[in-house]
Amino acid sequence: MPHDPSSSRTALRICPLCEATCGLTLTIEGTRVTGARGDREDVFSKGFICPKGASIGGLDEDPDRLRTPLVRKDGVLTEASWSEAFDAIAHALPAVSREHGPQAVGVVLGNPNVHTMAGALYPPALLAALRTRALFTASTLDQMPKHVSSGLLFGDPNAIPVPDLDRTDHLLMLGANPLESNGSLCTAPDFPGRLKALRRRGGTLTVVDPRRTRTARLADRHVAIRPGTDALLLAAMAHVLFEEKLTDPGALADHVEGLGEVAEAVRDFTPEAVAAACDVDAGTIRTLARELAAARTAAVYGRIGSCTVEHGTLASWLVDVLNVLTGNLDRPGGALFPLSATARAPRPAGPGRGFALGRWASRVSGHPEAKGELPLSALAEEIATPGEGRIRALIVLAANPVLSAPDGDRLDAALADGLDFMVSVDPYLNETSRHADVVLPPPPPSQSAHFDFAFNALAVRNQVRYTRPALPLDADRMDEAEILARLVLAVSGMHGAEPDAVDAMIIDRALGKAVADPLSPVHGRDPAELAAALTGRTGAERRLDLMLRLGPYGEGFGPYGEGFGASGEGFGPSGEGAAPDGLSLERLLAHPHGIDLGPLAPRIPTVLTTRSGRVELFPAPIAADLPRLRRALDGRADPEALVLIGRRHLRSNNSWLHNVAALRGGSNVCTLQIHPEDAARLGLTDGAPATITADGGELTVPVEVTDGVRTGVVSLPHGWGHDRPGTRMSVAAEQPGVNVNQLLDGSRLDPLSGTAVLNGIPVTVAPSR
C-alpha cells in the first residue's frame, strides 16, 4: 500500500543511545516510528545524527523486545501480569532481607541507567529502601578512575572537568576514539565536527592510542603508545614541565596545594626512564610537554583506554595535574566544570567534607568501596562464596554483566545456581536477564520521556532540553518510572501503594532540606505550599520541575525565590542564554528544541568541596599508589609478546544494539585485529580463525590483519558473545561473536578504583587447529 504523506507527523526526541545526546526529529505514522533525522533547531546538536540515532525506529519496534513481565514458574519464565510480577517481588525480596540481612540483597546498575530519565531518578530511592551496600555498577568497567581522581582532587567525585572543545587551541587526547564512540565523559554532539573545527581554526590535535583509529587519522600527531602505560607518559610530561620551568598555574595558583610534592613525586619519571616501557621515544615525550605548555589554551583529555588499565586512577589524576600545571584547568579553552540546570545551586567557597575511599570493603576479597560501589568483577564471588553476608538475591537494572564483566562463565554459573531470587529490569531476555525470576520490561524510547541528568553535567556547553514521549504508552506496557517506583514500594513494605507516593516522599524530603537551608532560595518557606506549586503530568516531571526551580538557573517559587535560584545571575555563569524569567518545567516545555545556557565558565573555588577548600593536587591515596607506578618503569616490552585492547564501533554501544538489524555489518564485526608483522610471525592469515588465550580462558575468533593496530597489540571489540541458550535476541544470535571479557579472570583491578583492567592484558595467539 503506497505511503500517504498526509498520515505522517513528526515529534522531537533526545537520542538515548550514547553520551552525545543529539536531538532527533522522528517521523511517526500511526503508532510507529518510521524515520529519524537530526533536529536542526536543537540548541546543542544542531542537526547532527549518527547511524545509531538514525536507526532508533528499528530499536523501537524490535519484535524481540519484551512487552509484558516474565515470571518464573516451575523453572520456566512465563508471561505474567504486572500485578503478578510485583506480587512475586514483594513476597521474595523483603523475606531475604529479613532472614539474612540487607547486605544479602545486591543491586547491579548498568550503563543504560544514565541514558534514561527514570534510571537516573529512582535507583537512589531503591538503595535507600534496601539499606544495602552491595552495589555494583558499570562504572567499575569504565570511568570509576576519573570519579576517584576527581573526588581526591576536588572533593566531589562527580566534579569532572571536560575539555572546552569549541574554544581550545590544543587538545591532547588519550585512550579515546570519539569519531567512533561519539565521546564519553565529554558530552559533545558532533564530536567529529568539533575536532575538525579545531583543526580549521589552526589548533592542534594529538591522539595517544595503540590503534590508528578514525580519530587518530584526523590528528596532527598520533602517538602509538604501548597499552596500559598512559600514566607513565603523563608523569614524564609533568617531569618535563617542572624540569624546564614550564609550569604556570595562572589564576589557579591561590587555589592549589601540593605543587611541590607533585614535583618531587615525578622526579624519577624522566622521558628517558619511561621511554622503553611506553615505547615512545624521549624526544617525542618532551615535545608533547613543551607544546602543551606553549599553547595559548590547551586541554588534556583521557578516556576509557586510559581508565581501564592497571594504573587507571593515576592516569586520570595526571590528566588534571597537567591541566593544572599549564594553567588550563578552569579557564576558557582549557578544561572546565559544566553547570547543569539540575545541579545544586552554587554555594559560597569554603572547605567541604572531602572524599574518602574504602569506607567498607567487599566480603570475600576485601576490595575497598569507591563512591559507594564495589567492583563488578567481584560480584560472582560474592554470590558463590558461602558464609554470612553472601548475596542471595539480586536486582539488576539495565545491566548485562555476563557479557560486560570479566569471567562471564563464572558469573553465569553463580546467577544460575547461587541465588534465591533475582529481578531484572530489561527490555530483552539477554545473557543476564535469562536467569531472573522476574523480568520487568520498560517501554521503547518513543514511549518514554527523556532528560539527561548525568550527561548535562558533562556537556561541553551548558544547555537544557527535555522531550516528552513521542507516542502514548501501549496498553500492555508500563512506564519505566512507574516500574522503578513500584519496585521501590515492593521492597520497602509499601507494596500496593500508588507509585506517586515514592515521588511525593522524595519531593517532601528535598523541600524539607531546602527550606531549612539558609542558602536556599526557599529558606523558611512552607514545604507543602512549594510542593503544591510544582507542575508536571507525572511524579517524575514534578521532581524535574523541583530540580530546575532550585537549580543554578531556576526561577524559584514566587516572591522569595524570584530570579535565578540562589545566585540571581541569569542564565549561565555570566548571565548568558535565553528565557530570562528563569527555569522551570513549564518554561522548558515552551522551548521544545532546548535552551542554550551559554559557554562553560570558570567555577573554582565554588566547585571545590575538599577539606582544605583547595585543589589538593597530591592526595594521600595517590601518593601511596605511586610506588606501584615506579615499579612499572622496568616494564620493557618483549618484542614477541602480545597484549590485548578493546575497541568501540560507531554502530554499537556495548551489548545494547546488536539486535538491531540496521546496525549490523560494516565495521561492526567481531574480529581479532592484528598487525601484519605479528600475523606473519605467528602464521595467521586474514579471515582465518585464531585462538587467543589469557588469564580467564581462550576464544576462537576470525583474524583481521590490519596496520591500524600497532605491533605487539591485538584488539577485540566489547559487548559480543550472544551464543548462550535461553536468550531471545534473534538478530544478535545470527552473528554472536565472542565475549572478550571471558579472557579475563577478574583478578586484575586498579586498586584505587576497583576498576577491571580490560586493556593491556597479556595474551597468546595462535592459528586454530
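**Helix packing and a one-sided buried face**

In this predicted model, helix α5 (residues 123-130) packs with helix α19 (residues 480-491) at an angle of about 5°, and their axes lie 9 Å apart. Because angles under 35 degrees count as roughly parallel, α5 is roughly parallel to α19. On the α5 side the contact is formed by A125, L126, A129 and L130, and on the α19 side by L487, V488 and V491. Sorted by class, the contact of α5 with α19 comprises 7 nonpolar residues, with no polar and no charged ones.

A further helix pair is formed by α20 (residues 500-516) and α22 (residues 539-550), which pack at an angle of about 15° with their axes 9 Å apart. The helices α20 and α22 are therefore roughly parallel to each other, and α20 passes α22 in a left-handed crossing. From α20, the residues D500, D503, I506, I507, A510, L511 and A514 meet G539, A540, R542, R543, L546 and L550 of α22. The contact of α20 with α22 holds 8 nonpolar, 1 polar and 4 charged residues.

Helix α18 (residues 408-417) can be examined through its burial. Its buried residues are G408, L411, D412, A414 and L415. These residues span an arc of only 165° around the axis, so they lie on the same side of α18. Among the elements that cover the buried residues of α18 are the helices α16 (379-384) and α17 (401-404), together with the strands β15 (393-397) and β16 (421-425).

Key:
Residues numbered from 1 in each chain as written. Predicted model: local features only at pLDDT ≥ 70, side-chain atom pairs only at ≥ 80, totals over all residues. Heavy atoms only, no water. Buried < 20%, exposed > 50% of the residue type's maximum accessible area, 1.4 Å probe, protein only. Helix = DSSP H or I, 4+ residues; strand = E, 2+ residues; numbered from the N terminus. Arc of directions from axis to C-beta. Contact = heavy atoms within 4.5 Å. Axes fitted to C-alpha atoms, helices over the stretch in contact; angles between N-to-C directions. Parallel < 35°, antiparallel > 145°, perpendicular 65-115°, else oblique. Left-handed = near helix turned anticlockwise from the far one by under 90°. Nonpolar A, V, L, I, M, F, W, Y, C, P; charged D, E, K, R; others polar.
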